[in-house]
Amino acid sequence: MDFIASILIVLAIALAGRFLSEKLKQPGILGELVLGAIIGNIGFMMKGGELILDPVVYNIADIGILFLLLSAGLSLNLTEFKKIGKSSAVVAILGVIFPFILGYIAAIWFGFSHITALFIGSALMATSVGVNAEILLELRIIGTRLGSLIMGAAIIDDIIGVVILTILVSVVKTGYLSVWEISVFILLALLFILLAGLLTKEKVSGILDRHLAKVKLGRESLLIMGIIVALLFSLVAENIGLSLIIGAFLAGIVLGQLSFFRGLKDYMSLIGGGFFIPVFFVTIGMTFDFNAFLSLGGFASALLLVAIVGKLVGGGLGAKLTKFDNHESIGAGVAMIPRAGIELILVKLGLEYGIINTEIASAILIMVIMTTLISPPILAKILRR
Amino acid sequence: MAREDRLVPEFYELRVEQLMDKRAWDLPILEKKDDVSHILSILGARNHIWVVNNKEDKELIGVITEHDVLLILTPKKFPSYVFGMPDIRSIQHGTAKTAEEVMHRKVISCKSDDKIVDVLNKMTLYKLRRLPVLEDKKIIGELTLHQLIRKYYDATQYHSII
């Protein structure tokens, strides 16, 4: 299929998916994923072959990942982030450890390799903050102690997810290097992260802002400059053995502290959310292969089970340890169940690096869709009591 | 037309201090810990509020505009993709209680010796209608689009441009 036809199909699926999601009061991302999966498989069934999109569409999806992470970094208000309580950190950490271990064990049990099991465990770690935010708002819990706990934990989860994903990609890339080369990699990675951290310091961003104020740019040029910085960070991250996404994420955090780039978040939301990011979600939905999924039905069910139990136990235990009552702890555990963020990037990278196959990717996609679907009504029922 | 040809470059070359509102005592200013009711009370009559650490040293740390209040007054709705940190500020849900929680932290400012042409460019780039005038991080006045328009119009009516 040629490029224009491919992009037309993908964008039409994205728009229809968003429309359906809104009608059914579901997160927009879910519609894009599910419709992408359906159309992908209909094409497969009707033609007797895959619905083959122009390869450039997948490059656009890659840029979508970068823009997604750049936007996430831009939206990370460091002042607010520092206010997140220790209890959120406990819930986040336990809510990451439990599903990771359970996912790893389940994968080993089903005979997958060590590195594939690590990838599968990692796919269960992050929480999608947006899925339950609407429910927390509706039940007027978002401003309460429990609401802050859940939102804070989900944000920390996302960051842990990005870091773990980066480590995994680095391990895959540098797995066969010598100790000396690995030491150089760790040193460079630390230097890069430290440098990015330094750029977010108030004094440094103040100095940068003073110099940047002398630069006269139009709005479009500002957007181009923001994208250049993100790509530059990504390129450096990639070249020192980290992943592109950590580069884009760090660039977002750095740029987000600068007054000069005020407005960049909105421009990114338009260009990213209106084109590149939906292409990523739809194409990742299209990787779902119904036949492959059926062949690994047992594993898919086990993955879904450990995804739910891991978060419920980990998040719930974390809340209980930080002195929330039983009812609130269960609520916190359930609120951490949905996955619809980092794990999707992980699926794409896993497939690209050959760590996971279509069967595992399909099982992860079903886990993402199911956890996103079931969590809000259960959470509403628990918290309404 | 010839007069305007000459006026515009002259206008561009003027300095902020020549046009700014220097009545610092009359500026809409709140301290970061002030309650949201103060914000609503001021914005009922003004378009913006400058937020300072405290009213003694007047160190500017943020700005609240009508748009910020619109965001916390409107029923909260999240965008299609919430990835990262969502904006949960809302009066309805009690997540926006103080000026510090409502304000925009990235303030675009100018200095008293900046040229008017630079101020106009900043206003265009960031879609702003007012800029605080700062001196060592302290607010000493403000320059609004209204003031700029009025001064320019007066000059076209054969008044002095300053």
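What share of the 385 residues in chain A is buried? Buried residues make up 53% of them, where buried means that 20 or more other C-beta atoms, placed from the backbone, lie within 10 Å of a residue's own, exposed means 12 or fewer, and partly exposed is in between. The model is predicted, so local features need pLDDT of at least 70 and side-chain atom pairs count only at pLDDT 80 or more, while totals for chains, interfaces and linings use all residues. Residues are numbered from 1 along each chain as its sequence is written, with chains lettered from A and ligands numbered from 1 in the order in which they are written.

**View 1. Chain A is built from 18 helices and zero strands.** Helices and strands here are DSSP runs numbered from the N terminus (helices are H or I, at least four residues; strands are E, at least two). The radius of gyration of chain A, taken over C-alpha atoms, is 21 Å, close to the 21 Å of the globule rule (2.2 Å times the number of residues to the power 0.38), so chain A is as compact as a globular protein of its 385 residues. Its C-alpha trace spans about 60 × 55 × 50 Å along the principal axes. Of the chain A contacts with a separation of 6 or more, 79% are between residues 24 or more positions apart; a contact means C-beta atoms, placed from the backbone, within 7 Å.

**View 2. The largest nonpolar core holds 132 residues.** A nonpolar core is a set of buried Ala, Val, Leu, Ile, Met, Phe, Trp, Tyr and Cys residues joined through C-beta atoms within 7 Å. Look for A:L33, A:I245 and A:A248, which have the most contacts inside this core. Helix α8 (residues 145-174) of chain A gives the most to the core, with 14 residues. Beyond its neighbours within four places in sequence, A:A248 touches A:L66, A:L69, A:L70, A:G73, A:A230, A:F233 and A:S234. Another core lies apart from this one and has 16 residues, including B:I29, B:I49, B:I72 and B:V102.

**View 3. Chain B has seven helices and six strands.** Starting at the N terminus, its elements follow the order α-α-β-α-β-β-α-α-β-α-β-β-α. The C-alpha atoms of chain B fill a box of roughly 55 × 40 × 25 Å along the principal axes. Among its 162 residues, 27% count as buried.

View 4. Find A:K323 in the loop between α15 (297-321) and α16 (326-335) of chain A; with 10 C-beta neighbours inside 10 Å, A:K323 counts as exposed. B:K58 is in the loop between β2 (48-52) and β3 (60-65) of chain B, and its 19 C-beta neighbours inside 10 Å make B:K58 partly exposed.

Methods: Contact = placed C-beta atoms within 7 Å.
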